[in-house]
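Work through the exercises below with the structure in view. Try each task before reading its solution.

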Amino acid sequence: MADQELIEKVRAMVGREYGRVYAWDKVNAPMIRHWCEVMGVSNPLYTDPAFARDAGFADVVAPPAMLQVWCMAGLDMENYPPGSTDENNFEVLKVIEPYGYPAVVAVNSDLYFDRHILAGERLYFTSKVDSVSDEKTTPLGTGFFVTVLMAYFSETAEGKPDEPVGKQLFRVFKFKPAQRPKAEEKPAGKAEKPAAKRPLPGISDDTRFFWEGCEAGKLLIQRCTGCQTLRHPPAPVCAKCHAFDWDTVEASGKAELYSFVVMHYPEVPPFDYPNPIGLIELDEGVRLIAGLVGIERDELKIGQRLQVEFERFDDQQTLPQFRPVAE
Ligand code: ZN
């Protein structure tokens, strides 16, 4: 049961309003274009001023889903433009926390749009604590759903009321995590937990030849029969000539180290750590990723000559690995 004092404090905060948070920049074409590129959005209304004018707008339109973008703090947290409030519109979470609800998770966000936003507009939002639920228990734990509503406005000329352009509802769950079941005591005389096995690759009709080749101790590379181009990882179609037909060639296994990483943490069974992984350029010209063996991490060198070898793991999977050889 939630503390009565907490419930009263939180109830009193519902409806509380917070001041303006301004946008650093006016709505502008470069930010719209970058957002569209990243999101894969190609509507010319957002990027082509002539198209936007033909559609009846004075300038390019911002994608509605960018609403939240304009008034964000930027890379430095809580760094808002001059004139913005320094209040915390989620301060209700700070009130709940000391009562034993340390965790928080975002639950959902809804956007509402009043009208299109155009390049050149300057936005700000104000916030309101919309609701705090009764104490609820979910699989995550027990706590409160807190909903804050941000209302976005476009500044207008002096003397006119600013125009509402949209709203964003943001809901989080502030909770005490559910107790995890305690690890069971291991009964005396019982066998140890079986050792972790290497994860098996996902094998498809496109990749089966490669893994079957490994089982046979052969490093097989896919080759387009249309233009003879080698490719790896395997794919159903040639990127160069778009032919679907292919066969394979057996690589010599001679290669050089094109690049590498050394995995340290987290240590995941059954791998040994530090765990060096190479991006390997085969003498045939294609690259593949594989484990490196027989070398200390300090000795790894870009351009190092390597030779493939095969090792069978867990009696179910054979993997190519690469070992340094003399120049
Ligand atoms: Zn081809």
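This is a predicted model: local features need pLDDT of at least 70, side-chain atom pairs count only at pLDDT 80 or more; totals for chains, interfaces and linings use all residues.

**Exercise 1. Follow β13 to its partners**

How many bridges join β12 to β13, and how many pair β13 with β14?

Solution. 
- Step 1. Start at β12, residues 254–263. It is joined to β13 by 8 bridges, and the two strands run antiparallel.
- Step 2. Move on to β14. β13 and β14 pair over 5 bridges, in the antiparallel sense.
- Step 3. Check a facing pair here too: L288 in β14 stands opposite I280.
- Step 4. Look at the turn. The hairpin of β13 and β14 has 4 residues between the strands. There, G285 takes a positive phi near 110°.

**Exercise 2. Describe the largest pocket**

Which residues lie closest to the centre of the largest pocket?

Solution. 
- Step 1. Take the volume: the largest pocket holds about 840 Å³ of space.
- Step 2. Go to the centre. The closest of the 27 lining residues are E78, Y80, N88, N89 and F90.
- Step 3. List the elements that give two or more residues to this lining: β1 (17–22), α4 (91–96), β5 (123–132), β7 (141–154) and β8 (163–177).
- Step 4. Sort the lining of the largest pocket by class: 15 nonpolar, 6 polar and 6 charged residues.

**Exercise 3. Describe the second largest pocket**

Which element gives the most residues to the lining of the second largest pocket?

Solution. 
- Step 1. Take the volume of the second largest pocket, about 690 Å³.
- Step 2. Find its centre. R198, A290, G291, L319 and P320 lie nearest, out of 29 lining residues.
- Step 3. Name the elements that supply at least two lining residues each: α5 (208–215), β13 (275–282), β14 (287–292) and β16 (317–324).
- Step 4. Pick the top contributor: β14 gives the most, with 5 residues.
- Step 5. Sort the lining of the second largest pocket by class: 19 nonpolar, 7 polar and 3 charged.

**Exercise 4. Cavity and domains**

What volume does the largest cavity have, and how far apart do the C-alpha centres of the two domains lie?

Solution. 
- Step 1. Search the whole structure: 1 cavity of 30 Å³ or more turns up. The volume of the largest cavity is about 40 Å³.
- Step 2. Read its lining: A62, P64, L67, F113, R115, H116, I117 and V165. By class, these are 6 nonpolar, 1 polar and 1 charged.
- Step 3. Divide the protein into domain 1 (4–177) and domain 2 (208–324).
- Step 4. Compare the C-alpha centres of domain 1 and domain 2: they are 47 Å apart.

Note on methods. Residues are numbered from 1 along each chain as its sequence is written. Side-chain values use heavy atoms; hydrogens and water are left out. On a 1 Å grid over the protein atoms alone, a cavity is a set of points where a 1.4 Å probe fits but cannot get out, and a pocket is an open set with protein on both sides within 12 Å along at least five of seven lines; lining residues have an atom within 4 Å of a point. Grid points are joined across faces, edges and corners, and a volume is the space filled by probe spheres set on the points. Ala, Val, Leu, Ile, Met, Phe, Trp, Tyr, Cys and Pro count as nonpolar, Asp, Glu, Lys and Arg as charged, and the others, Gly among them, as polar. Domain bounds come from an automatic or database domain assignment. Two strands pair if DSSP finds at least two bridges between them.
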